[in-house]
Amino acid sequence: MVAVARIKVKTFTMIKELLPYGVVKLSVVDKEKNIGRAEVYFTSDGEATLEILEVDKKYRRMGLGTKMMQEIVNLLDERNIPCHLYVLVNKEFDLVKWYEKFGFNLSKTFLNFMWRPVCKS
């Protein structure tokens, strides 16, 4: 069974799909065009991996990535699930600081590996 929710984000629509095999997919659409997406995979050991989070270049700096991250963080916090991701660091974007706003911490175990432990609200 697939659970689908539609969430208004400014003039766009975010579609949240909870898939039965441990995946959450978010899509942001402008009319019929997909302009952003995120995918979170849940592992059998009770953790999650943020595999994809991207926004079309023409639609960046509009808060769409932040809105998707807020949805992901809320879902993780509701279920008490820690999450990790790999960050490619470049000069154009300081993604480490951006992800830290959502509770991720840079790990020294791996180069550019970030971790978000379970948050106790």
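Student: How many salt bridges does a search of the whole structure find?
Tutor: This is a predicted model, where local features need pLDDT of at least 70, side-chain atom pairs count only at pLDDT 80 or more, and totals for chains, interfaces and linings use all residues. Residues are numbered from 1 along each chain as its sequence is written, and side-chain values use heavy atoms, without hydrogens and water. A salt bridge puts a side-chain nitrogen of Lys or Arg within 4 Å of a carboxyl oxygen of Asp or Glu. Searching the whole structure with that rule gives four.

Student: How far apart are the closest N and O atoms of Glu54 and Arg37?
Tutor: These two residues form a salt bridge. Glu54 lies in strand 5 and Arg37 in strand 4, so the pair ties together parts 17 residues apart in sequence. Strands here are DSSP runs (E, at least two residues), numbered from the N terminus. The closest N and O atoms are 2.4 Å apart.

Student: Is Glu39 buried or exposed?
Tutor: Glu39 forms a salt bridge with Arg37. Buried means under 20% relative accessible area, exposed over 50%, and partly exposed in between (1.4 Å probe, protein chains only). Glu39 has a relative accessible area of 10%, so Glu39 is buried.

Student: Which residue forms a salt bridge with Asp56?
Tutor: Asp56 is partly exposed, at 25% relative accessible area. The closest N and O atoms of the pair are 3.8 Å apart. The partner is Lys33.

Student: Which residue in strand 3 stands opposite Glu17?
Tutor: Strand 2 (residues 12-19) and strand 3 (residues 23-30) run antiparallel, joined by seven bridges. Strands pair if DSSP finds at least two bridges between them. Opposite Glu17 stands Lys25.

How values were computed: Helices (H or I, at least four residues) and strands (E, at least two) are DSSP runs, numbered from the N terminus.
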